[in-house]
Every structure is written in C-alpha cells, then in structure tokens.
Amino acid sequence: MAPILKISDLHKHFGPLEVLRGISLDVDPGQVVALVGASGSGKTTLLRCVNALEDYHKGSISLGDEQIGYQELNGRRVRLPESRVARQRADLGMVFQSYNLFPHMTVLDNVALGLVYVQKKSRAEAERIALSWIERVGLAEKVKSYPFQLSGGQQQRVAIARAVAMQPKVMLFDEVTSALDPELIGEVLAVMQNLARGGQTMLVVSHEMMFVREVAHRVVFMDGGVIVEQGPPEEVLVRPRTERLQTFLTRFRGVLR
Amino acid sequence: MGAYHFNWFLAWQSFPRFYWGLALGLELAALSLLIGSVIGMAGAFGRSFGPTWLRLAVMSYVEFIRNVPLLLLIYFAFYGLPKIGITMFDNVWSFVVALSVYSGAYLTEVFRAGVNSVPVGYTEAAKAVGLMPWQRVRLIILPVTFRIILPSLSNTFISLFKDTALASAVAVPELTYAAEWLNVNTFRTIEAWTFAAVMYLFAGYGIAFILRRIERRYAVIR
Ligand SMILES: Nc1ncnc2c1ncn2[C@@H]1O[C@H](COP(=O)(O)OP(=O)(O)OP(=O)(O)O)[C@@H](O)[C@H]1O
Ligand SMILES: [Mg+2]
C-alpha cells in the first residue's frame, strides 16, 4: 500500500538552531502514528511543517502524490502561492494544544465554516454535516454556545469536530490534551480513539502513553531533531533498544508497566 | 453692573435649536467615526504590511495629527482647502473632513493594536481549516479585531462627539453653536451654556449606556 503521507529527509532550522535534522517518515492510510519525545525534540515543528505552517529548508513532504507547500521549478524548490497552500491544507486537519476555536462564532458555525467557505457546500448541507459531527463528539446540546461558554475539554472536542468534518486525508494532533484538567482528558482521548477505530489516518503528538499504547499502530520516538526509534507500541514502549528512549520512558514507568 | 436676571423660559424656547444641534453633533461624530475607521483600517494595514515609504507616510500622518490641535485642522479644511482649489465642501462637510482625518490617525493606532492583539492561534486555525488569505482576514481577523477594539471605538465616538463642539468655530449649527446663538441674541449667557452642558451630559451618558450594552453583546472573547 502506498503511503498517504510521505516525509523525506526533512531539515528545518530556526536561525542557528537545527530543529529537524533529516526526518523521514511514511504514514499509510488508516494508520495511527504517535510521535513521542522530550520537550524541544521538534515534534510540534514537524507537524507544523506538514501543515505548511512553517517553511523548511530541505527535504519534502507529500500528501498522496502532491508535494505540500513547495514545487520544483527548474530544479529549484519554490514556495507555492498562499492560495494553493490553502487548498492543500483543506486535506489536512489539525488540532492544536490551545483549541483555537474562533471566539466570535458558535460551535455550529465553527464546525460549518470550512464546509461553507472552503468546500463550498450550501449552508444547510454544511450545518447538517457539522451537526452530525458535533453529535458524534457528544456536544449536541452545545451547538448554539460560544467557545467561552465551554470547558476546555468541550472546546477541544469541538476543535476535533471542526477538523474532521472536512474529511481530511490525515489528521494532525499536537498534544491536544496537555492544556486540559486531568478529569477532562479522558473525554477528548475517547473521541480520538473513536476516530482511529473509524479508520482515520492520524499523526499524533502525545504524552498520554496509555492512549498511545492502545491506539497507535506505530510509535515514533524523536530526540534532538532525528527519529531515534520506531515500531509497534508493544515493542518501542516496552522494550526500548536505545538508551535515549529508555531514559525518556523512565518518567512514564508507572503508566506503562 | 446690574444683577443677572435668569430667564430659563427664553432658553427653553430655543429648545428645538438645541435639540437639532445635538442631533447634528451626533451625526457628525458618527460620520467621522465611520470615515475615520476606513482610514484607520487602511492606515493600520499600510503601516503593518505596506512598503517602507507607505509605513513612513502613515507614521508621519499619525504623528502630525497627534501634535496639531484639532481646531487648526478645522480651520485649514474650511479656509485653506478652497484656496488650493478644493471648493466642494461647505462648512459642515469641511468639518467632517477635518474630524475624519483627525480620528483616522487615532483609529490607525487603535486598529493596529487590535490586529496585533488577535492571537496568532486563530489565524493558524483559520489556515488549518483551509481558508484563503482574504477569507482569513474577512471571516476571522477583522471580526475578532472589531470585538477587541470595540471599547476603544466607543471611547473614540464619545470623544469625537465632544469634539463636534469645535464645529461652532466655522458656524456649523450644532449644540455649542446653538448656545452661542442664544447668548449673542438674548444675552441669556448662563442659561445658554448651562442648557448646552446639561444636554451634552445627558447625551454622553445615553451614548455610553448604549455602547456598553453593545460591547457586552459582542464580548464573546474570554
Ligand atoms: N518560532 C520559533 N523560533 C525559534 N525557535 C523555535 C520556534 N519554534 C520552536 N523553536 C525551537 O525549536 C525546538 C523544537 O521545538 P518544538 O516546539 O518543535 O518541540 P516539541 O518537541 O514540540 O516540544 P514540546 O514537547 O515542549 O512541545 C525548541 O528548541 C524550540 O525552542
Ligand atoms: Mg510541542
């Protein structure tokens, strides 16, 4: 099976700071890939490159057979115009740590926005689809609420609905439960688990090792801008081969064994 | 010098003149706020995203207006513009031009601060949804900016409304001019100015009350 997302030899630096130093990673359709690693290892930067929110300096990222954010012109890599990039992003869903719901719109409008303005669906059709996703994340009674009237967990579930309603080829999750109170984490992870079961392709940055172990098909451990180890969770998380991963996992010992 | 004889009735007889003066002042303030907002929005975008010459031009404009008394601008628009061939404005419109240019400078700063304080996360979420650049501006950045700066807009409106008193200097028949008229024609000096002051006071309170309600209606950000 051809990978849906293909990252090859990705390099990225912020000034003198090399953040990604040759990342290659394939994600197959329907796969859930978890990215783990210490703070500052470049996980967020990697996800942001995939969604063309950051420029990168070398390598390539392809969704299907289309390169994201850049094109080759006379052998040179050139950034695509913003309108082309915008169209590409419509095929990628992203959920942020800080929810980022549009504060001036109701839950329904947040979820329907992309359907109306990007996918050009009629308002009625968009709201029907939006409503079905809002129900699926368990917030049917909140459709007319504004983000500030919701708990963090509820906001994050809306943010997930907003992204998946667009039926993206790949969903990107960046530590989506890190800003939540412990008692609200479960409801968000449950929504993500359902998505995974439904066959959604997902690239997930998470420190929730129980979740990673149960849901991910593959775990990728990053450190210092490179992939150090990867494989099925029961191998990578239980029998780490490198010392770096062993050190990283000690802090999750209670959760994992 | 004899004792001052109050005659509130004479003042009261001029109530329609005061009333229409007040209404005109509100219209002038609203119109200038509107035109000034367009200038301010353009100025803010020019200042933030324009080429260097445009940034400098906007900055000089803002600095210039900030340091020149409004009355001077009003005189310039009324007496000066016709001298350089711009004759299409009567006294009322020349005042609107002056007040708009004046408020535009302040609103440039208001809009700039507003746009800059839209959390970058909203823009990124809008990108992630797949919105085009102009859709992000129209659907997310401007509406959020508007909600952030709403309190500044209401304060600007109230202060512009008080500034309309200066229009009396070029014989625009607003509230202060009505008081002046009463003063000159009946010598009911204290009544005239007291009357005008009370009307400014009530109008100011009324506007503030309404604007605070509008603010609360749109206060959906935290
Ligand atoms: N916009 C930026 N400008 C400069 N440096 C940056 C920027 N964004 C990230 N960095 C740096 O790049 C490195 C990688 O950051 P990144 O956010 O990708 O790490 P992370 O793995 O997501 O960490 P965390 O687990 O803390 O979220 C860090 O050293 C960070 O300080
Ligand atoms: Mg991160």
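A:K120 is exposed, with a relative accessible area of 60% (exposed means over 50%, buried under 20%, partly exposed in between, using a 1.4 Å probe and protein chains only). This is a predicted model, where local features need pLDDT of at least 70, side-chain atom pairs count only at pLDDT 80 or more, and totals for chains, interfaces and linings use all residues. Residues are numbered from 1 along each chain as its sequence is written, chains are lettered from A and ligands numbered from 1 in written order, and side-chain values use heavy atoms, leaving out hydrogens and water.

**Around A:K120**
- You'll find A:K120 in the loop that links α3 (107-117) and α4 (123-136) of chain A; helices here are DSSP runs (H or I) of at least four residues, and strands (E) of at least two.

**Chain A**
- An unreviewed UniProt entry places "domain: ABC transporter" at residues 5-249 of chain A.
- That stretch, residues 5-249, is 36% helix and 28% strand, and its end C-alpha atoms sit 27 Å apart.

**Chain B**
- Chain B has nine helices and zero strands.
- Its C-alpha trace spans about 75 × 45 × 25 Å along the principal axes.
- Of the 222 residues in chain B, 48% are buried.
- UniProt (unreviewed entry) marks "transmembrane region" at residues 20-44, 56-78, 84-107 and 192-211 of chain B.
- Residues 20-44 of chain B are 100% helix, with end C-alpha atoms 35 Å apart.
- Residues 192-211 of chain B are also 100% helix, and there the end C-alpha atoms are 28 Å apart.

Technical notes:
UniProt positions are given in the numbering used here, feature names are shortened, and annotations may be inferred rather than shown by experiment.
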